[in-house]
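This report describes selected features of a two-chain model. It begins with the contact between the chains and then turns to local features of one of them.

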Amino acid sequence: MADTIFMALGTIAVLSALFCVFQRNALAAAIWLVLTMLALAGMFLILGAPFIAAIQVLVYTGAIMVLFIFVIMLLNLGDAASDIRGPGVKAIALVLAVGTGAYLLRLAGYDPARLAFELTGTTDLSPAAVFATAEVARQAAETQGVVGAVAGPLFSTYLVPFEVTSLLLLAAIIGAVVLAKRKI
Amino acid sequence: MTPEMKGFILVSVVKLVVVFTFVMILVAYATLLERWIAAWIQDRVGPNRAGPKGLFQPLADGLKNILKEEVIPGGASKVLFVIAPAISLMAALMIPLTIPWAAPIPLEFDVTLPLLGRIVHHGSTAAAVTVLPIGFLYVLAVSSVGVYGIALGGWASNNKYSLMGGLRATAQMVSYEVAMGLSVIPVLLLVGNVSFVEIVTAQQQGPFGWLVLPLGLSAFIFLVSGFAETNRVPFDMPESESELVAGYHTEYSAMKFSAFMIAEFAAMVTISMMFTTLFLGGWDIPGTHWDEAGGMAQFLLTAVVFFTKCLLFLFLFMWVRWTLPRFRYDQLMALGWKVLIPMGLAYVLFVAVAVWVVDGPLGVTSVAARSGLLFLFNVPVLAFVFRVLDRGRLIRGSSIRSPAPAPRRARAA
């Protein structure tokens, strides 16, 4: 049952991502991307991570995509003609597409056994071996609540990366304000 | 399928139907209540034709809206125009499912029904369709999806007033979501959990248990952002008639318009339920621990208490609507970003320090003493915010104002 739902959500995510890429209309593309985000949230739920699922919807669907749609509505973009014009741009697009495609093909060569080998050093595919910490995580969620299980490691083990990330975000915000506003 | 599984599914479906029906009836009668209150405040009669005292008015309205012609404007983006009200309605109806509206229901049965077979249910079941461990994060997440209905409805209508309404709504809801999120963090600090059940349990202890007492400012910020989130007066910028015709639903007619209206009223009901649960003790009956014993009488009485609290807030929403004038759009944004968000942040810091002082140096262990002390700490904060910082600009109302600047003298020709 869970597998079926997971597969269905995965299909929705992939299909809506494809629709997002191939849409001419910017708003329609954004809405397909919203559907992708929601499907991803559903997948997190199936995987037993309700907190991550809620944050996925709250941040990506509820804030970031709303801002995207807001900007698209402000600019009043209709069906846009392709931006890929001229030999220079076409060449860059071609290089990017071929490069990404080649990399994806390389990733497609991965099978579960090879992934498991790179993760754990053995080709044992049982969940207990691949996700050795899964049981620990489940117990943490039971004793500390779903939020505590994420917040605990975030503010102890991973405190420095977490704070560095927030510094990066702050720098990005300041950069955006400086770029957008000539007079402050 | 085991009999227990069948019992769980049966109970869930029954709860789902009950909550859905109840919310829809509440929404329908909230529209009537709104018109009665409007009439009462404006000293007129109000709807009194359909049925005794106008009681069948919502029925008549619903029937009228189903039978009316649906107009899709030319140049509108058809698909989005149709799904936008559906998104709004869906989001609004998904939220009340997780809020516990009474004490747990004791349910013990072991029956064998024709067709369904043996059905068993043991112990008690929570008085919410489902109890999620993520509690109000779910509510915040789903209500943020509701923004799409309004934004897309405004965009798809191919009408500049609708577009403006949609844009305003989007900006307003995204801004006030931040303030609302910040106002809930002190609740987390005190309770230590996001689940509604835990929050209600924490509030049942002691005379200062209800979080509106130890966290008064949070409750205030939550209430103001709640008004903004539901697009109600004085924050009904998205549909201000005098500027935007009717905002995002200008082009909507018949049942689609009705769907937007139902979504707005359902959002109001939801905010009332949220406020009740987060700050007013949920289904707790004050001054007694009888309601925690678990039993059918407890369940029924706590349900009544919960909905009384909710109705009080619905009344407040309507009272405010017919009393206050609308904000200007820049004032609304300034209030959100320059007043409520910094205030919320500062308050989070204050509560964190206060909780640390109470738990650490003072070493208070009793729950009642803890919330009582926090309440004491809060009194000067509330006085400071509403008396000193505000200086009568926001709180004292429109009748007491600093004198208007002298009109500029016309330049001599």
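## Contact between the chains

The contact draws on 18 residues of chain A and 21 residues of chain B, where two residues are in contact if their C-beta atoms, placed from the backbone, lie within 7 Å. On the chain A side, at least two residues each come from α2 (26-46), α3 (50-75) and α7 (134-154). Helices are DSSP runs (H or I, at least four residues), numbered from the N terminus. The most is given by α3(A), with 13 residues.

The side of chain A that touches chain B has 15 nonpolar, three polar and no charged residues. Here Ala, Val, Leu, Ile, Met, Phe, Trp, Tyr, Cys and Pro count as nonpolar, Asp, Glu, Lys and Arg as charged, and the others, Gly among them, as polar.

The model is predicted: local features need pLDDT of at least 70, side-chain atom pairs count only at pLDDT 80 or more, and totals for chains, interfaces and linings use all residues. Residues are numbered from 1 along each chain as its sequence is written, while chains are lettered from A and ligands numbered from 1 in the order in which they are written.

## Helix α4 of chain B

Helix α4 (residues 136-156) of chain B has 21 residues and reaches 31 Å from first to last C-alpha, close to the expected 30 Å (1.5 Å times one less than the number of residues).

## Positive phi values

Most residues other than glycine have a negative phi. B:Asp43 has a positive phi near 60° and is found in the loop between α1 (3-41) and α2 (57-67) of chain B. B:Asp43 counts as exposed because it has 6 C-beta neighbours inside 10 Å.

Key:
Buried ≥ 20, exposed ≤ 12 C-beta atoms within 10 Å, placed from the backbone.
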